[in-house]
Amino acid sequence: MNRKTRAAHRFRGVVAGIAATVMMFGLADLIARAFTPSAAPLLTLGQAIIPLAPPAAIKPVIALFGDNDKLVLVLSTGLGAIILAGIIGALAVSRRRLATTLLVVAGLIPVIVIFIRPEAGALDIIPTLIGIAAGVAVFLLLLRFGVPATFAEATNNPDVARSIAPGSQTSEPAPTSEPFSRRRFFGLAGAVGAIGAVTIAAGQTLVSLTQEAGAAVAKLVLPNPAKKAVAIPAAANTDIDGTVPFVTEAKDFYRIDTVLSPPVIDSEQWSLRIHGMVEEEVTLTMDDVLDLPLEEHHITLTCVSNPVGGDLVGNATWLGYPVRELLARARPNSQADMVLSHSFDGFTASTPLGALTDDRAALLAVGMNGQPLTPIHGFPARLVVPGLYGFVSATKWVTELEVTRFDEKTAYWTDRGWDAKAPILVASRIEVPGPLAKVPAGDIRVGGTAWAQRSGIERVEVKLDDGEWTQADLAEEVTIDTWRQWRAEFAEVAAGSHTLTVRATDKDGTVQTAKRRDSIPNSATGHHHIQFRVE
Ligand SMILES: Nc1nc2c(c(=O)[nH]1)N[C@H]1C(S)=C(S)[C@@H](COP(=O)(O)O)O[C@H]1N2
Ligand SMILES: [Mo]
């Protein structure tokens, strides 16, 4: 066989491998999404990679892609699978049986990953097995009609010999022949790939449908709060167009967690168990929680991975019951100093016991902005603790509060190099003008948000280019645990390129530091700084 033909055959092998893999994932994903969504192979594979990923790799991904980090992970997993399939396909030109075996073995990797999940059911592997069967069938079909077997294989294997025959002029096996015209081969491979791609897309659509359905099925009816949140005065908003609203809608609220798709929890099956170093173990069902006098509080939640000026921060009106009261029922032992909250999905957070028993509004929350929590934000129940970054406090899909000690237990992110305790640091950001915005000449209006939960914002200062710090006007404070909007004006700014810098000071007198540092282990620091142009 000459080299050119061989290269052409290898290329067909690669295409056959890729088409078969797209088909396998597409079909398996679609079937899984319809019956057992958390067992979709691509998703489960990506999910399995998360705990293995070094924190040093996770952070830049979150910083770069924010809420899209999950999409990036799934796409990279898919890309990895496609590359592997291409290599196996190329191998198939000379070693068909070995390649087929490898394809099956590779297909079994997601099967194993699906099977070893803690929540796995025996039926969960069926969609992927069906996908593998379809993928292997497609692979063999494409090879059989598209890639002539080597001479040795062809003469030994009557099947392959026959498959070669239709393309050759004689009935002799002819190794250099092209049994399928290039057009037919690529047409078939393209069709298979397209079917796979369509099934993947259909699977995605099903996901959003079932998630919406899940939310609808979760017809949890929230009671009226026994204690309403303070009213939000109009003056809590500045009049600067383009700044984020004071209350963040659930759909716009940032999302950070370690699951690729939120667990679907039936609120009637859900319960919260308080145990560990307590006098009395306490278990509550959702009915128990809804019967309690629930309180509503505006609380600003922040992620430790938020880069300076980033948007991993949101403010919502949460409805829930004070964790303080729940712990009082269980009566923690005097030696305890931490509550390790456990999520349905295995995530844990370590919260100082003191932050859950002092007078702050640490909540077992069931509502967000007047609605039940969405699946993404923790349905049916989560924790929200003012003043602590989410990773040490805001456990979503919470199922257990384990009263323990910092020197005995560690939480999910602590095991990955982050701090065990992490109070939120004073922070501020510029929202208007946007980065690299073009602004008409004249007076420049600047606006943004600052937060220092538990202390409150005392002062925000802005600096144009290398000028003096100028004090911004603060919008009215709603509570010390909510962010605060600010605005400033600079008169007659000359045309050209300019920079703005902001810093906040909290009510304890702590000035936001200019020192730049990374978010691991307990949050990035530095001043938010933007460039814009006056034209
Ligand atoms: N179960 C679970 N809860 C979790 C997390 C998680 O990965 N799993 N991430 C935490 C982190 S790091 C943050 S910042 C907040 C984010 O909450 P949100 O997604 O509702 O904004 O949830 C916290 N609760
Ligand atoms: Mo976070």
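These notes cover a surface patch, a sheet, aromatic pairs and charge-over-ring contacts in a predicted model.

1. **Nonpolar patch.** Helix H5, residues 96-115, gives the largest share, with three residues.

2. **Sheet order.** Four strands form an open, antiparallel sheet. The order is E11-E13-E17-E16. Strand E11 (427-432) and strand E16 (473-474) stand at the edges. Each has a single partner strand, so one side of each has no neighbour in the sheet.

3. **Pairing of E13 and E17.** Strand E13 covers residues 442-451, and strand E17 covers residues 484-493. The two run antiparallel and are joined by eight bridges. For a place to look, take Gly448: its bridge partner in E17 is Trp486.

4. **Aromatic pairs.** The whole structure holds nine aromatic pairs. One of them joins Phe11 and Phe186, with ring centres 5.8 Å apart. Their planes stand at 40°, so this pair is tilted. The cut-offs explain the label: stacked needs planes under 30 degrees apart, and edge-to-face needs over 60.

5. The Phe11 and Phe186 pair connects distant parts of the chain. Phe11 is in helix H1 (residues 3-35), and Phe186 is in helix H9 (residues 182-217). The two residues are 175 residues apart. Phe11 is partly exposed at 49% relative accessibility. Phe186 is also partly exposed, at 27%.

6. Is Phe185 buried or exposed? Its relative accessibility is 1%, so Phe185 counts as buried. Phe186, by contrast, is partly exposed.

7. **Aromatic cluster.** Phe347, Phe391, Tyr412, Trp413 and Trp418 form one aromatic cluster.

8. **Lysines over rings.** Lys421 lies over the face of Phe406, 4.6 Å from the ring centre. The charged end of Lys463 sits over the ring of Trp469, at 4.7 Å from the centre.

Note on methods
Residues are numbered from 1 along each chain as its sequence is written. Chains are lettered from A and ligands numbered from 1 in the order in which they are written. This is a predicted model: local features need pLDDT of at least 70, side-chain atom pairs count only at pLDDT 80 or more; totals for chains, interfaces and linings use all residues. Side-chain values use heavy atoms; hydrogens and water are left out. Two strands pair if DSSP finds at least two bridges between them. Rings of Phe, Tyr and Trp (its six-membered ring) pair if their centres lie within 6.5 Å; planes under 30 degrees apart count as stacked, over 60 as edge-to-face and the rest as tilted. Buried means under 20% relative accessible area, exposed over 50%, partly exposed in between (1.4 Å probe, protein chains only). A charge sits over a ring if NZ of Lys or CZ of Arg is within 6 Å of the ring centre and within 35 degrees of the ring normal.
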